[in-house]
Amino acid sequence: MKPFQYVTAATPAGAPELLGDNGCYLAGGNDLLGLMKEYIVEPAVLVNIKALPGLDKIESDSDHWTLGANVTVAQLEEHEGLKVDLPALHQAAREVGSLQIRNVATVGGNLAQHSRCWYYRHRDVACLKKGGDTCFARHGENRYHSLFTGNNCISPVVSNLSVAFAALDATVVVQRRGSAVRMSIADLYAKAWDNPTAHHSLNPGDLILRIEIPRQSLRSAYRQISEKAAFDWALVSCAAAGRLSNGQISRGRVALGVVAPVPYQVPEANEMLEGHLLDEALAARVADRLLRGAVPFADNGYKVPLARALIQRTLLALRA
Amino acid sequence: MPTWPKETVHINKRTRRVDGPAKVTGAAKYSSDVQPEGWLYGMILRSRWPAAKITRIGLDQARRVPGIKAAILVRDGERTVRYYGEELAAVAGTTKQACLDALRAIEVDAMPMPFVVKEEDARNPNSPRVWEAAANLSSPRVIERGEVDKAFGESAAVVEGSFATSVQLHHALETHGNTVSWTDEGVTAWASTQGIFSVRDGLADNLKIEQSKVRVISDYMGGGFGAKFGPGIEGALAARLSQAAKAPVKLMLTRFDEALAVGNRPSSFQKIKLGSTADGQLLAFELESYGTAGIGSGGSTEGGGGGAEFPAPYIYRVPNIRVKQSGVVINAGSARAFRAPGHPPASFGMESILDELAVKLKMDPVELRLKNDPSPIRQREYAIGRERFGWQDQYKPPGSTPGPVKTGVGCAGATWGGGGQGTRAEAQINPDGSVEIRCGTQDLGTGIRTVIAVIAADILGLEPGQIQVRIGDTRFPPSGGSGGSTTTASVSPAIYDTCHKALKALEDQTGVADARGDQWKSACRKLGINPLVVSGEWVAGLSSSGAGGVQFAAVRVDTETGVVAVKKITCVQDCGLVMNKLTCESQINGGILLGIGYALFEQRVMDRATGVVLNPNFETYKVPGFGDVPEIDIVLLDMPERGVIGVGEPVTIPTAAAIANAVANALGARINRLPITPAKVLAALGRTKPGLA
Amino acid sequence: MNESSSRNPDVPGFSRRHFLKSLGSTAVATAATQVETVAQELAQANAEKAAGPEAVPITLQVNGRELKLELEPRVTLLDALRNHSPYTGAKEICDRGTCGGCTVLWDGRPVYACMKLAVEAQGHAITTVEGLATGSKLSPVQQAFIDTDALMCGYCTPGFVLSVTSLLQRNPHPNAEEVKHACAGNVCRCGTYPRILQAALKAAGGTVTSKMEVIRYANLA
């Protein structure tokens, strides 16, 4: 790492000023320190945001769950109420990294993490996402890369939590230039769809404050497939949510992770889940619709059948 | 002729590791832990180019970084680098941070050259040459026996297939490296090594000093798997930095470095043809293969080196064969011997084609092996294993189990040499009855330290806890490097001899007829003031070579997601006389786990466009984790009549082959390239449409 | 805040000072006397807390003892332990939070020391493997590792011992799945996983037997 100043922010309002013109927020540190050790980001100031008051609580009322941005992924995993009410979130949290990572990783940091593409993460490769000319994955080693993208970078979003939040209609509250801005998960990642150098839609200085999840009496489920049994990035992940009544699903959502720069949802696929019997045939049709238009590269075509199976299983898990 | 005692107290039993307490408390000091007075941190600058002419390396700016005490070049003058990661220069400083800053301040003028990093590209005569003077693809080494074409003509059944294995990285958890102090008195190196004398030798040679002025210490070391012989470039650099800085220098490699420059298992690309009679007698075998050992390594694989060749048709008896093996060089780090060099790829290809033949003949795969495996020991092992594993019940026609999650079973056999000789040792018996055994061997986690205590205890009539075992120092009597599964067979007879001689000397000197057990303390008191020091050496009759081993694997394959889960491995293994069953079982577990990694997860990925290693970390070079461990069932064939043989390597050879066969049995389709990933499974099942190039 | 202002209402600027203090800033007195708005006070207070980039005094609590060091902010907790203190039990294996060799307990929870800065470890109780034994008496987990041979080269052992120790503190009777979930972040290359599972179950009070069968070849028919 390059040398830097380390300062602890006392209030959210005061935090952005401390960044200067080359600063980064330090939450759990798993992502940021890893990037810094490879000199992929080189901030002159690290602003520790873990002491910000009130951002580390999990709270609920009759309408919403509110997760402070500094809530750790371990806290999410261990929360009994969340496990019952939002199982998709619990299951997604459980699969994040390892226990050592979950003990320090924050919800905000998990959402804001940078791409894990091995070209992006390589200290000596000047790829498109880092401002270079070429996405090396396109004609190179792309087994872990996107099936859908709106730009020339094919690195996918890997945050487990983002996929669960997407299916749960979560709102991310971000402090931007002194005001609280509300973003859907789609908003949070929209810039990454269009812009090859973006990992999400946050601007420098933006500070995630909390995530709000409406309580809609939904069932939910999260599943992922990885090469290893644990502590491995997902090849594809999926979150589904919906209300079930007499086997009929309504308010259905399906979101896919690690296939696009955003948690991937298709409105038509969600609409297919409105007012129909949730059975194998419906799940298969939804999977087909969601995967329509997938553009596999040389090595990631397997993600299509894999995602198809995963979507079906995750949807049908709602029946349990 | 010496023999091991028939009745033993500790030998051939289960003895806890004598270094257990040191390891579980953090008291064990590895070469990365030692902190000699005034020690400095060392770091290496590596080439960012896969191939380049380096015309100038400027160290001035680096020397000016605060805290830096020395900066040196690997070699003066212009040079050509041939792989991403090749060593260029090194610095030593008071902190890690000073070194990091210094490396970034080193100026390198380089003229990048064309390069090639994929084997299939490098074979092409039009590809850039790694070495100017020679084609990338070597002429094949050809071995022929009998009349193979005629024999194919006479075969009732012929099967053909292509198989491939990936480059595997050792990734011992302690990285390569040394803490070295080079003063006027000489060199002391705390080395993470499998061969302290190989490090001593290498340093003396490289630094042009007398061997008697070089002392190497390796009290504890964090794994080697074959990659840690000799001082390496990093060892010599640490010494030279120490001399320049006038302080000890600790230079440990990073995990990133480990993926680039300190060894690997060569890949293999195999085309095999196999012919047999109608009842499964093998008649004809033809193999054409190539693989890469990076920019090249010494010699062939079968003797234990790092080349791309391997034994074929491995363990099976085939009267007519034609084997053509080549190596192809690429711009990547050189291969080094890696736990059973050559045998895992040999096993994978041979056992896969054998199962293909079994399917064609509608013959049970175990029966086919029993028919063609000449080893009486492995014959027994198959018989024991098939019953214990429940083979009859579990083996079904390929792809026939119902449902999307299919089950399958497979098996494979192994052979290895082992054996070993040449160790010397020393016993010191003190007047207070305490005993010290000194031997210049090294314990990589194999448990030799405990074996020494066990043998000494049995011969002297004491408890292992009463024996102070000192190893890992070139000031002690010499032993060989710990490789080839030779350590226990080389060291044990020497300890036997040393302790017998020591006991006899004690009894002669003190006049006590039998000093063992209860008599020990009073006998020792009769020594007076001076301890008794007695040497001994390896003697014949207590060890031999040649181990077998068979493994059975049961897998579950999810045909919708492609995920393979190994449910069970049954291993039937012989290794002669087992000195310590507790640590032997751990070695077997370890070999099987390494085989699982080879089968399902591990692959060094080179990038064609940039020439870099894309996965120089544990994130995307995937080693098996806790959740990837199957049920492991071990049957140890105890053969004390054969003496000590060694077990470290045979146990990792057949695992991947057995798993691959089990997957093929489950699916009715074969994945013929390792590692077997979900991507490959789905492709083999025809579920994946080819993507954009 | 209201209660505190009642404690000493005569001190000028007290309630504001206490307000600032409750937000974590310590260099309050100077700020309160020199600047006008709360935001400016905060900014100044925070700026006065900035550390580095040069080395700064850092006090760590390791195994119940104080460790006083002078380190740049970019020094990780692992670097501080291994290279600036005698606590070499935590190992540097990957330095990227992927293998668990550097696991330490941070207020009782396992974390990767390589992915925490020493400067942020201040004020937290750090436990390394050296802090588990009482004198020469090994902890039950440590003894269980030895009894079941849950170690080979030993390089991953400190990390695993801490992960298992922490697990049993949270969950005294885990099942096998829970042990695997707790230890998923620790890697072993020698292959000790099966025995570590046994060690964890044994330390939790279970009994464990070796299933390895030994057959005398000479006895075979």
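**Note on a predicted three-chain model**

1. In chain B, among contacts between residues at least 6 apart in sequence, 81% join residues at least 24 apart, where two residues are in contact if their C-beta atoms, placed from the backbone, lie within 7 Å. For chain C the corresponding share, again among contacts between residues at least 6 apart in sequence, is 51%.

2. This is a predicted model, in which local features need pLDDT of at least 70 and side-chain atom pairs count only at pLDDT 80 or more, while totals for chains, interfaces and linings use all residues. Residues are numbered from 1 along each chain as its sequence is written, and chains are lettered from A, and ligands numbered from 1, in the order in which they are written. The model scores ipTM 0.97 and pTM 0.95.

3. Confidence should be read chain by chain, using pLDDT (the predictor's confidence in each residue, from 0 to 100). Chain B averages a pLDDT of 96, with 98% of the residues scoring at least 70, although over residues 298-304 of chain B the pLDDT is below 50, and this stretch has 21 contacts in the model beyond near neighbours in sequence. Chain C has a mean pLDDT of 85, and 78% of its residues reach 70 or more; over residues 1-36 of chain C the pLDDT stays under 50, and the model has 43 contacts for them beyond four places in sequence. Where pLDDT is low, the predicted coordinates should not be read in detail.

4. The overall form of chain B can be stated in a few values. The C-alpha trace of chain B spans about 80 × 70 × 45 Å along its principal axes, and its radius of gyration of 27 Å agrees with the value near 26 Å that a compact globule of 693 residues would have; the radius is taken over C-alpha atoms, and the globule rule is 2.2 Å times the number of residues to the power 0.38. Chain B has 18 helices and 23 strands, these being DSSP runs numbered from the N terminus (helices H or I, at least four residues; strands E, at least two). Buried residues make up 64% of the 693 residues in chain B, a residue being buried if 20 or more other C-beta atoms lie within 10 Å of its own, exposed if 12 or fewer, and partly exposed in between, with C-beta atoms placed from the backbone.

5. Chain B is divided into domain 1 (20-29 + 420-537), domain 2 (40-113 + 176-252) and domain 3 (268-417 + 545-684), with bounds that come from an automatic or database domain assignment. The centres of domain 1 of chain B and domain 2 of chain B, taken over C-alpha atoms, are separated by 35 Å, and 14 residues of domain 1 of chain B are in contact with 18 residues of domain 2 of chain B. On the domain 1 side, the touching residues divide into three nonpolar, eight polar and three charged; here Ala, Val, Leu, Ile, Met, Phe, Trp, Tyr, Cys and Pro count as nonpolar, Asp, Glu, Lys and Arg as charged, and the others, Gly among them, as polar.

6. Helix H3 of chain B (residues 96-105) is largely enclosed by the rest of the structure, because seven of its 10 residues are buried. The buried residues of H3(B) are covered by elements including strand S1 (40-46), helix H2 (60-64), strand S3 (68-73) and strand S5 (87-93) of chain B, together with helix H5 (77-84) of chain C.

7. Between chains C and B, 54 residues of chain C are in contact with 56 residues of chain B. H5, helix H7 (140-147), helix H8 (157-170), H10 and strand S6 (213-216) of chain C each supply at least two residues of the side that touches chain B, and the residues of that side divide into 28 nonpolar, 12 polar and 14 charged. As for chain A, 32 residues of chain B are in contact with 29 residues of chain A.

8. Within helix H10 (residues 193-203) of chain C lies Leu201(C), which counts as buried because it has 20 C-beta neighbours inside 10 Å. Leaving aside neighbours within four places in sequence, Leu201(C) is in contact with Val179(C), Gly206(C) and Val208(C).
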